[in-house]
Amino acid sequence: MSKKRPLVIGIAGGSCSGKTSVTHAIYDVFREHSVVVIEQDFYYKNQSHLTFEERLQTNYDHPLAFDNDLLIEHLNRLLNRQAIDKPVYDYVNHTRANEVIHVEPKDVIILEGILVLEDSRLRELMDIKLFVDTDSDLRIIRRIERDIKERGRTIDSVIEQYLTAVRPMHNLFIEPTKRYADVIIPEGGENEVAIDLMVTKIKTILETMTNV
Ligand code: C5P
């Protein structure tokens, strides 16, 4: 592992745009090397002091839902080659889980999440900024499937949440961050050309890091 400053790649995009697929595709190439993934979702604010009913009222698509102060503190630790205890998020109970994941510093940090390009403090820490751009009809179809299967929601709650929070917040806060992206990737993980280009770029940067 190099002692140079780690490389930070930010991957933003709407809910179910394919951020995770892009992240995994890049992670798979560099896993032997040295890469860590930080999910902004895991840094949703702790809501254990609220009742379950109160937690259902939270707008999870607003920037204020995230504990970006803790996220930035953890990123700075990783950038200083120090380990962190990454929080774990419980989507069914809408709060932070009790366990944490111990994460050692690595040469590449991938930060992925709907609003990672929205906070200027996060943008300033990034070397490469990506925005995964996928049509909203595809995103809502994927979201219905995922939230019912994996996140304990009903179809009614997914639709209601989409219309009252996900869609308006996407238009207000997520879509405008496209302008900060170095690269806009249409169709996420299925875009092999874009992923190959990113992998080549990251390899070049890593070679420079280890050669200096
Ligand atoms: O994985 P993805 O980027 O879709 O995760 C972000 C989404 O998770 C947000 O659009 C937010 O509405 C949703 N979320 C939720 N319930 C929570 C926390 C986040 O529906 N408790």
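**Reading the model step by step**

A: Let's start with Ile159, which is partly exposed, with a relative accessible area of 39%. Buried means under 20% relative accessible area, exposed over 50%, and partly exposed in between (1.4 Å probe, protein chains only). This is a predicted model, where local features need pLDDT of at least 70 and side-chain atom pairs count only at pLDDT 80 or more, while totals for chains, interfaces and linings use all residues. Residues are numbered from 1 along each chain as its sequence is written, and side-chain values use heavy atoms, with hydrogens and water left out.

Q: Where is Ile159 found?

A: Helices (H or I, at least four residues) and strands (E, at least two) are DSSP runs, numbered from the N terminus. Ile159 is part of helix 6.

Q: Which residues make the nonpolar surface patch?

A: Like charges are joined within 9 Å, and nonpolar side chains (Val, Leu, Ile, Met, Phe, Trp, Tyr) within 5 Å. Areas come from the Shrake-Rupley method with a 1.4 Å probe; for residues, only the protein chains shown count as cover. Here Ile148, Ile155, Ile159 and Leu163 form a patch of about 340 Å². Helix 6 (residues 155–174) gives the most to it, with 3 residues.

Q: Which residues does UniProt list for "binding site"?

A: UniProt positions are given in the numbering used here, feature names are shortened, and annotations may be inferred rather than shown by experiment. The unreviewed UniProt entry lists Gly13, Gly14, Ser15, Cys16, Ser17, Gly18, Lys19 and Thr20. Of these, Ser15, Cys16, Ser17, Gly18, Lys19 and Thr20 are included in the lining of the largest pocket. On a 1 Å grid over the protein atoms alone, a pocket is an open set of points with protein on both sides within 12 Å along at least five of seven lines, and lining residues have an atom within 4 Å of a point.

Q: Is Gly13 buried or exposed?

A: Gly13 is buried, with a relative accessible area of 0%, and sits in strand 1 (residues 7–13).

Q: What is Cys16 in contact with?

A: Contact means heavy atoms within 4.5 Å. Setting aside neighbours within four places in sequence, Cys16 contacts Arg139, Arg142, Arg143 and Arg146. Cys16 lies in the loop between strand 1 and helix 1 (19–30).

Notes:
On a 1 Å grid over the protein atoms alone, a cavity is a set of points where a 1.4 Å probe fits but cannot get out, and a pocket is an open set with protein on both sides within 12 Å along at least five of seven lines; lining residues have an atom within 4 Å of a point. Patches are made of residues with over 30% relative accessible area and no salt bridge: like charges are joined within 9 Å, nonpolar side chains (Val, Leu, Ile, Met, Phe, Trp, Tyr) within 5 Å. A salt bridge is a side-chain nitrogen of Lys or Arg within 4 Å of a carboxyl oxygen of Asp or Glu.
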